[in-house]
Amino acid sequence: MELRVENLRASLGGARVLRGPSFDARGPSFIGLVGPNGAGKTTLIRAVANLIPFEGNISLDGMDVGAIEPRARARKIAYLAQGAESHWPLSVERIVALGRLPHLEPFRAPVPSDEVAIERAMELADVTRFRDRDVLTLSGGERARALLARALAVEAELLLVDEPVASLDPYHQLGVMEVLRTYVDQGRMVIAVLHDLSLAARYCDRLILLDEGQIRADGAPAEVLTAETLRSVYRVEALIGGEGRSFHVMPVKRVE
Amino acid sequence: MRNRDYLLINLGLALLAAGFFIASIYVGRGGELLVAKLHAIDETDRSLAWLILKEVRLPRALLGLLVGATLGLTGAALQGLLRNPLAEPGLIGASSGAALGAVLVFYFGLAAGSAMFVPLGGVAGALISLGILYMLSGRNPSIVTLILAGVAISAFTSALTSLALSLAASPYAVYEIIFWLLGSFTDRSMDQVRFATPFMVLGVLLVSSTARGLDALTLGEDTAASLGFRQESIKARAVIGTGLAVGAAVSVTGVIGFVGLVVPHLVRPLVGHQPAKLLLPSALGGAAMLLAADLLVRLPMNGPEPKLGVVTSLIGAPFFLWLILRTRREAP
């Protein structure tokens, strides 16, 4: 799978949010999209999911994403919105089953392969235990995993997730990152918007640092998260240490 | 909730609706049964009984079935579309538009011309208010815009209806308008049933075609779009379908409130709250409830028959209040 983003430009409410970022990505790969608030991270993945109008080119395996028929596109690109919620008290299993909607033939019931995908997604996100529980009565961590399972059930080649670990405790943060890592290791691509730089560095193969709608750094986590970029982009002094799975970044002081 | 349970729920509701349908054909004022007369010895009695059955009772029962199913199904669909349990088919303004169209027919004294003028006026009113809704809210309106535009149209058409009432030249027209507005199945002919049915069927089909989209909307508009559903198409089909079906229903029977609000609520827990699975049982439940209410208004032996729309609102409004109280208790 190859994703190509070229000279992407998009505006929100008249303000230009994306100022021409370009990058290529080849799967399998876990890409962390990092950057300060308002950098355009969410807008970028919403453009890739074709949820907002944009200028420039986004293509998947050489095909313009806007030109792919919506249901076919929905099978290739899954999207998990930030703070996604269910409006009705559906059971976890039914929520996860919604991920199979792009695969269903019109007027036909789900087929065995859909059932298998639902089971697999619930297993991966570790929500099988409470498959019959009402999703609205779950704790925040359990609910986040159930909604993540919904996105996994699409079994798309490209999964876009917007701040999947925000508002989760450390245990559930690690849990979600491990799920995403496993999904990538099964041969797919994940692009995740992340604010926790240590988590991003430890689980992602590659980080793209966005600032004011432009890419400021792109590469292996340790190359992107340097004292210099943290100072100039995030405007913080940070302690950086460790390597690989123990790499960590701790912001200690704002730069005046 | 397995498939077998879902089948059983639908089967149960269908049997209930069928039972009330048959009762609606045979039961008359004060609970008098028609069966005896159908087998009467006297030839004239027998043919009179058959005439009542075919020309009076059958259209009435058919309207109960069709209008009840329409209101139940469109109510369920709109609640799913707007992701709001307090939505009902009247919300988008088509039913008050239909009411205004029909009232204008009475106002200009055209109702006496043909039994078809009132339903024609009603459907025209519904279509015009749908057109205005479309112009006000644009191609892919937000949920809030849709609701606000619907409320504005409802308020405006209701005001025009009141204006027609206050300016009506003859007391007879006022009397006719008021009685029609209260909603009823009495004295409707097969012609009217035949006129309204295609609109209701088309509308219900359009609305039903959004079923999976409504499921996807459970997780919000962005997620639904990312699952391959075009928002503007789902909204257009649900709103136009509801407008056609409910507009046609109102144009024949007058305004019948609360069925579209209450029935989906009663059914929702039975089907695990899933919007797509709610459609069919809501239609069956709506038919059963409206047929039952129409039997209820026939029970008093003497005096004028209570109007159906009044009875459904009398039962529906307290339920609505209970719903609000429950929602408030559940809210954090």
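A: Chain B has a mean pLDDT of 88, and 98% of its residues reach 70 or more; pLDDT is the predictor's confidence in each residue, from 0 to 100. This is a predicted model, where local features need pLDDT of at least 70, side-chain atom pairs count only at pLDDT 80 or more, and totals for chains, interfaces and linings use all residues. Residues are numbered from 1 along each chain as its sequence is written, while chains are lettered from A and ligands numbered from 1 in the order in which they are written.

Q: Where in chain B is confidence lowest and highest?
A: The lowest is helix H2 (residues 35-38) of chain B, with a mean of 69, and the highest is H9(B), at 96. Helices here are DSSP runs (H or I, at least four residues), numbered from the N terminus.

Q: And what scores does the complex get?
A: The predictor gives an ipTM of 0.92 and a pTM of 0.91.

Q: How many residues from chain B and chain A does the contact take?
A: Chain B brings 18 residues and chain A 21 residues, with contact meaning C-beta atoms, placed from the backbone, within 7 Å. H10(B) gives the most to chain B's side, with four residues.

Q: Switching topic, at what angle do H3(B) and H8(B) cross?
A: Roughly 20°, with the axes of helix H3 (residues 43-82) and helix H8 (residues 190-208) of chain B coming within 10 Å. Axes are lines fitted to C-alpha atoms over the stretch in contact, with angles from 0 to 180 degrees between N-to-C directions. H3(B) and H8(B) are therefore roughly parallel (angles under 35 degrees).

Terms used. Two residues are in contact if their C-beta atoms, placed from the backbone, lie within 7 Å. Helices (H or I, at least four residues) and strands (E, at least two) are DSSP runs, numbered from the N terminus. Angles under 35 degrees count as roughly parallel, over 145 as roughly antiparallel, 65 to 115 as roughly perpendicular and the rest as oblique.
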